[in-house]
Amino acid sequence: MKYEKIAQLKTVQQFRERLQELGISLPCDDDILTADAGSPLGDQLAWGPLTAGNRWTIHPMEGWDANHDGSPTELTIRRWHNFGLSGAKMIWGGEAAAVQPDGRANPRQTMAIDSNIAGLAKLREAAVSAHQEAFGSADDLIVGLQLTHSGRFCRPLPDHQMRPRIAYHHPLLDAKFQIKPDDDSVVWTDEQIEDLIDSYVNAARLARQVGYQFVDVKACHGYLLHEFLSARLREGKFGGDFEGRTRVLKTIIRRIKSELPGLEVGVRLSAFDFVPYQQGDAVGQPMDFSGCLPYQCGFGSSSDNPLEINLDEPIRLIRELGELGVIGVNISCGSPYYNPHIQRPAIFPPSDGYQPPEDPLIGVARMIHVARQCKEAAPNVTMVATGFTYLQDYLPHVAQAIVREGWIDSVGLGRMVLSFPELPADTLLRGEMKRKKVCRTFSDCTTAPRNGIVSGCYPLDAFYKEMDEAKKLRDLKKAQVPTGA
């Protein structure tokens with residue numbers, strides 16, 4: 001199925017008309033406002049005791065380009081340098097750092113372990129020094145480090161084979177990723193979880209030691225702490241009811257807050273999820289969940305129909321996170337591994353994906369409206385919204401409008417920063433977008449790492465376009481036809 005490309009919409013009015021055709025309600029300004037002209041994105045924002053100089057946030061993004069010991073390469077440092085050059089005043093975690101070696105989603109993932117403390121310092125310094133040089137001061141810049149364990153999606157060794165560590169046996173995901181339903185060797189024991197909590201606290205200690213202002217305890221995108229939030233089928237104190245399913249996340253936060261004073265905590269949260277999807281005859285379609293009703297494996301979805309959103313539990317959790325003293329919640333959804341069209345709207349799927357079953361603008365609007373509902377329900381919790389990249393040329397027009405109207409506190413950028421890192425600065429200082437640098441969601445930044453190639457914007461970043469890996473990626477795309485992940 002073909003959808004109208006955003007690049008073909010030449011005016012704000014044409015973009016508005018397209019939203020109307022799709023039945024989408026999103027505010028959209030006529031012009032890009034500079035900070036001097038009163039852009040709400042130029043306003044300061046309190047994140048707990050910290051203050052960011054504007055309302056732009058850079059999401060964490062993995063480059064699959066660290067050394068095998070977790071230390072940064074020149075590519076890793078270049079990405080963090082670009083984060084600093086962006087002009088955004090909140091760098092939400094930079095990228096996912098595994099808290100122990102078995103928790104890596106790929107063998108070249110950054111790690112927050114004792115042997116890599118110097119590497120963690122280099123990443124932070126790259127962002128801070130670039131920001132200072134470009135803007136004269138980094139006093140109003142907040143830089144955090146995202147902490148993670150990849151759980152079901154661990155690929156920690158150079159052979160790139162999956163070595164899952166799961167919270168519970170999920171009937172659909174087990175089938176999708178070839179995990180035997182009776183193989184309990186891959187399921188965490190309660191004792192192992194206690195050790196993992198220690199690893200999170202130690203990783204946070206390292207972050208504090210080298211100057212990060214906060215850590216993000218990652219609970220999104222199908223990774224381990226997100227999976228625990230739906231672990232109704234797990235027995236014991238870390239599963240079952242809401243208290244059990246949120247216990248790992250909240251225990252980690254409580255321990256960091258009590259044992260590491262001065263270090264703040266944020267949470268990136270998948271506020272809703274759908275069932276896994278796969279390529280159908282023409283577009284992606286959900287796996288058959290009729291045998292799993294009432295659905296016991298969702299968080300933020302209805303047990304009667306897991307394709308419907310139910311925010312009762314996510315909102316309860318967000319309120320409790322606020323009571324625990326987190327500085328903010330970064331609202332995301334789903335997983336790039338099994339339902340990427342809701343988590344990362346794009347017109348061109350990655351090589352292991354499927355053709356989108358809806359216009360990606362619908363996915364963007366869904367994410368923004370969910371973030372709005374979360375903010376309305378927990379007004380005292382600072383929040384950042386996700387999913388803006390597919391708005392492309394009209395990203396700042398929508399972003400400044402929803403911040404002005406109070407839908408959300410901060411606007412987060414992900415893939416867009418790989419092609420157009422200076423977008424926040426260009427919009428706030430000059431009120432412009434460099435059209436040739438706007439991400440068109442070709443998904444090469446996902447296709448590349450899915451096939452063992454470092455991630456980056458190969459179509460639009462001249463640095464990556466000239467790498468040998470660019471040809472390898474082009475050849476690979478020609479040989480592959482997108483299928484289910």
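**Fold and rings**

Reply: The chain holds 17 helices and 13 strands. Those are DSSP runs, helices being H or I of at least four residues and strands E of at least two, numbered from the N terminus. This is a predicted model: local features need pLDDT of at least 70, side-chain atom pairs need 80 or more, and totals for chains, interfaces and linings use all residues. Residues are numbered from 1 along each chain as its sequence is written, and side-chain values use heavy atoms, without hydrogens or water.

Me: How much of the chain is buried?

Reply: Buried residues are 63% of the 485. Buried means under 20% relative accessible area, exposed over 50%, partly exposed in between, with a 1.4 Å probe and protein chains only.

Me: What are the spans along the principal axes?

Reply: The C-alpha trace covers about 60 × 55 × 50 Å.

Me: Now the rings. How many aromatic pairs?

Reply: The count is 15 aromatic pairs. Rings of Phe, Tyr and Trp (its six-membered ring) pair if their centres lie within 6.5 Å; planes under 30 degrees apart are stacked, over 60 edge-to-face, the rest tilted. Phe153 and Tyr223 are edge-to-face, 6.3 Å centre to centre with 90 degrees between the planes.

Me: Where do Phe153 and Tyr223 lie?

Reply: Phe153 is in the loop between β6 (142-148) and α4 (171-176), Tyr223 in the loop between β7 (214-217) and α6 (224-228), so the pair ties together parts 70 residues apart in sequence. Phe153 is buried at 0% relative accessible area. Tyr223 is buried too, at 7%.

Me: And Tyr277 with Tyr354: stacked or edge-to-face?

Reply: Tyr277 and Tyr354 are stacked, at 5.8 Å and 25 degrees. Tyr277 is in strand β9 (residues 277-279) and Tyr354 in the loop between α10 (340-343) and α11 (360-377), so this pair ties together parts 77 residues apart in sequence.

Me: Which rings link into a cluster?

Reply: Phe153, Phe177, Tyr223, Tyr337 and Tyr338, through ring pairs.

Me: What lies over the face of Tyr337?

Reply: Arg450, 4.6 Å from the ring centre. The cut-off is NZ of Lys or CZ of Arg within 6 Å of the ring centre and within 35 degrees of the ring normal.
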